[in-house]
Amino acid sequence: MTATPERRSTRQLARPDLPRFDTEELDPPTREALSGLLLTMADDEFVLGFWDSEWTGIAPMLEEDVAFSSLAQDEIGHARLLFEMLAQLRGSDADDLAFGRTADEYRHCRLLDHPRTDWAFSVARRWLYDTADAVRLGALRRSGFVPLAQIVEKIRREETYHLMHMDVWMRRLAQGGEPRERLEVALASLWPDALSVFAPLPEEDLLIEAGILAAPMSGLADRHYEQLRGVLSSLGLTVPEPRPSSQDGRDRAKPSESFRWLWGEFTMVHRLEPGATW
Amino acid sequence: MLADDTTGPLGQPGPAAGPAAKPKPAPSSEGGSDPAGRLGDGAQPDIWEVFRQEKDGDPMRHAGNVRAPDRDLATHYARELYARRQESVRLWIVSRLDITDLSDPDLLQPPLDRTFKKPGGYVMRDKLDAARKRAAGANDGDDGDEGGGLGASA
């Protein structure tokens, strides 16, 4: 399961987007808190990327197929960057983080714990997630941990575009008829998890003290809810009350059976020959 | 994308003949009717032609087309199909409805001999050689560009 040193050095060269930084810059508790945050972000992007890549070949139109698959690839790219940063903080390997964990060790939010379902569901889910992600990235833009602020700025440039794409689809589906009905069903079933991106992190106080994160997760959840409310009501869609984050940690733990299946798919090759060099 | 693509997503030649292969109404030879028609009239309002610029200063070249129900999605699709690998610095996305189509053979391929309109009718080689020699002689030991005009126009 251990990667060879040669492999690691090659991988470092192939990561021009990751700024160089000194891990010792952060005291161990802050480093651990930051690792926790990065893991949730990386897992969110990684898992969404794999769910949405399931549309490759079967999206409603050829153009959307290419576009949606490209968006999914973008998420994998963001996850790669975040896993690389995390690996450097922890002295581990990004591939092992991405593919070498058991399904129970993933920390994606519950919003991303559902299967692809139908097109309206995937649109609604991605729109909910992209809206949340924009808020989260906004809160890290001026992070006191400068390398994080730098990669967040790059990720934001792509995510802004993703959100625009999803806004177009939300407006289209909400126009009426069967698409609107399906969208309503999807939003209703996703709503309990809509704010799960902002499930509180165990050590987020440390991150706020260190100036790494601009606001507590609960504050970001409020901001996110206000944005959802604005768009949903402009489309004449139901705006349910916000569901407070569960205290049992379920928002980012104990993955569903659907996720276990997805995990089996995306780790399949890695598990064939752990530690193999490609 | 369309079956009648002239170019594929990354400028590769497409599989089939270009739009010219489609049947078109015969141009009218009577009255003062406009010989150029709107390309999109009737058939395919959801098709957008995409032009791309590879680097700053290059001309915009036709990249291909996308099918999209509105301008917003056309823009998103053009970006993903013709720029997702950072191969473009600018795109133009044009609805086919806005394209004026001119393919009237009476205007573009007139039946009378037109070779007198082509520069190939004049044999320039010997004259140019002589002019270059003269220019070279005039410039001996001199960095000036006297006589360079003829050489430059070759």
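Just after helix 9 of chain A, A:G236 takes a positive phi of about 70°. Helices (H or I, at least four residues) and strands (E, at least two) are DSSP runs, numbered from the N terminus. The model is predicted: local features need pLDDT of at least 70 and side-chain atom pairs count only at pLDDT 80 or more, while totals for chains, interfaces and linings use all residues. Residues are numbered from 1 along each chain as its sequence is written, chains are lettered from A and ligands numbered from 1 in the order in which they are written, and side-chain values use heavy atoms, leaving out hydrogens and water.

**Helix 9 of chain A**

Helix 9 of chain A covers residues 217-234 and has 18 residues. From first C-alpha to last, helix 9 of chain A reaches 26 Å, close to the 26 Å expected at 1.5 Å a residue; the expected span is 1.5 Å times one less than the number of residues. Its buried residues (under 20% relative accessible area, with exposed over 50% and partly exposed in between; 1.4 Å probe, protein chains only) are A:M217, A:L220, A:A221, A:H224, A:Y225, A:L228 and A:L232. Seen down the axis of helix 9 of chain A, these buried residues fall within an arc of 140°, so they line one face of the helix; the arc is that of the directions from the helix axis to the C-beta atoms. On the other side, A:D222 and A:S234 are exposed.

The buried residues of helix 9 of chain A pack against several other helices of chain A, with contact meaning heavy atoms within 4.5 Å.

| Partner in chain A | Residues |
|---|---|
| Helix 2 | 28-53 |
| Helix 5 | 119-138 |
| Helix 6 | 146-173 |
| Helix 7 | 177-190 |
| Helix 8 | 204-209 |

**Chain B**

The secondary structure of chain B comes to four helices and five strands. Three strands form an open antiparallel sheet in the order 3-2-4, where two strands pair if DSSP finds at least two bridges between them. Strand 3 (61-67) and strand 4 (90-95) of chain B stand at the edges, each with a single partner strand, so one side of each lacks a neighbour in the sheet. Strand 2 (residues 47-53) and strand 3 of chain B pair over six bridges, and B:I47 stands opposite B:R67 in strand 3.

**Confidence**

The pLDDT, the predictor's confidence in each residue from 0 to 100, averages 92 in chain A.
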